[in-house]
Amino acid sequence: MSYDNLKLDKSFYSSNDGFLKTLNKLDPDENYKGTSLENTTAFQRQLKRFDIKVAGRNSDLVEKFFQTSESSALFPEFIANAVRAGVEENDILPDIVAVRTDINGLDYRSLTSEPSDSDMELKTVTEGSFIPETKITTKENLVKLQKSGRMLVSSYEAVRTQRLDVFSVMLRQIGAYIAVSKAKSAVNTLIFGDGNENPAPDIYAENDFKYSDLINLFTHMRPYKLTSIIVSPSTAAAVLNIDEFKDAHSGFDFTSTGKMITPFGAKMIISSSVSDNVILGIDSSCALEEVDSGSITTEYDKLISRQLERTAITATYGFSKLFSGAAVKLLLA
C-alpha cells in the first residue's frame, strides 16, 4: 500500500499503538529505501500527500489541514509533534535518566537493589564457600504516575489563517512547560525518593564553600561515579567562582566555546528544579528510571472537529530511583 492511497481515520489515535505506530505499520519506512522518500517518516509522507508545508517562509495556513476529512486527521499529530519538539529542546532528562520504560497503564512496580558496602566488594571465593549475593527485588510501593500539560485555549477562527510555523512556536512553548514539569518531578524523586524510603543522603559543606567540599561529594559517591551535578543558576555561579575553576585555560575555554570546566569532569546541569545552596551529585548510569504512559496526548476528537477551545495537551509519567546511593545531596552553608 502506497502512502498516497492510505485511508486515514481518527480511530488511529484510539488504537493500542496510537496514531504514529499505526501509520508506520501501514506505511513502513523500509518500503522507500533507494527512493527520493528514503529519509522521510510516515507522517512526513502524509504531509507531502496533502501538500501541507509546516515549516519555512512558505509554510501553509492552519486551515490547510482541513481541506479534506482525511487531512484533518493529521492535525492532532501535527500539534503533538510540535509539542514534542518543545520538550526535546528543553529536556534535561537524557543527562540524568538511566533507563526509560514505556507502559500502557498507570501502575508500575520497579526493581530495586540496595547492596551494603560489603556487598559491593569483590571477594575471593574459596572452593565450597558461600558466594556473596546481590539481591534484586520489586519495590514495596508503586511508581506514582502524574499528568502534566497545558490547555490550548483558542478558537479555530483565531488561528486558521495563521502560518503553521508561527503556530508551531506557540506549541513548542507548551512542550517547554511540560519539560520543566518533568525535570522538577525527576529532581524531587532523586532528592526525596520515590515513596520507598530511599531519599538521597545528605552531606554538608563547610561554612566557606570551597573545592574540598566538592571532593567530599566526589568521594561520597563511591563506588558510583559522579557523572553529573544538578544545580540552580545561583549555585552554578558559586561553583564556577571557586578558584580551582578560574584558571587561565578554563577561562579561555569558557569564553571562547561556552564549555564550562566542571568538578571532576561531571556535567553541570543548571535547573531551577533544584533549590539554591544545593548541589545534587548523581551517577546518571544507574540513579533514575523514567516511566512513561504513552507519549504526548491530545484531545484528538476536538482538534479534528476544529474545537480548539480548551483542548488539553498532556503527558503522563513518573520516576523511580534505581540505586539510592547513586544520588548524593551536598548542602551549602
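Guide: Of the 333 residues in the protein chain, 45% are buried. The model is a predicted one. The chain holds eleven helices and twelve strands. Its accessible surface is about 17900 Å², and carbon and sulfur atoms make up 50% of that.

The largest pocket has a volume of about 1300 Å³. Its lining counts 38 residues. Closest to the centre are Ser293, Gly294, Ser295, Ile296 and Thr297. Helix 5 supplies the largest share, six residues. By class, the lining has 15 nonpolar, eleven polar and twelve charged residues.

Follow helix 5 and you reach another opening. The second largest pocket holds about 340 Å³ of space. Its lining has 18 residues, and Phe43, Gln44, Asn81, Ala82 and Arg84 lie nearest its centre. Helix 2, helix 3 (42-49), helix 5 and helix 7 each give two or more residues to that lining. Here too, helix 5 gives the most, with six residues. The classes are eight nonpolar, five polar and five charged.

Next, the packed interior. In soluble globular proteins, nonpolar side chains tend to be buried together. The largest nonpolar core in this chain has 81 residues. Phe75, Ile79, Phe167 and Ile279 touch the most other members. Helix 7 (residues 164-192) brings the largest share of this core, eleven residues.

Setting aside neighbours within four places in sequence, Phe75 contacts Val62, Phe65, Phe66, Phe167, Leu303 and Leu308. Phe167, one of those partners, is itself among the core residues that touch the most other members. Apart from this core lies another, of five residues, including Tyr108, Val143, Leu145 and Val291.

To finish, go back to helix 5. Helix 5 gives six residues to the lining of the largest pocket. Helix 5 also gives six to the lining of the second largest pocket. Start there when you turn the model.

Note on methods: Residues numbered from 1 in each chain as written. Predicted model: local features only at pLDDT ≥ 70, side-chain atom pairs only at ≥ 80, totals over all residues. Heavy atoms only, no water. Helix = DSSP H or I, 4+ residues; strand = E, 2+ residues; numbered from the N terminus. Buried < 20%, exposed > 50% of the residue type's maximum accessible area, 1.4 Å probe, protein only. Areas by Shrake-Rupley, 256 points an atom, 1.4 Å probe, with all protein chains shown as cover. Core = buried A, V, L, I, M, F, W, Y, C linked by side-chain atoms within 4.5 Å. Contact = heavy atoms within 4.5 Å. 1 Å grid on protein atoms, 1.4 Å probe; cavity = no way out; pocket = protein on both sides within 12 Å on 5 of 7 lines; lining within 4 Å. Points joined across faces, edges and corners; volume = space filled by probe spheres on them. Nonpolar A, V, L, I, M, F, W, Y, C, P; charged D, E, K, R; others polar.
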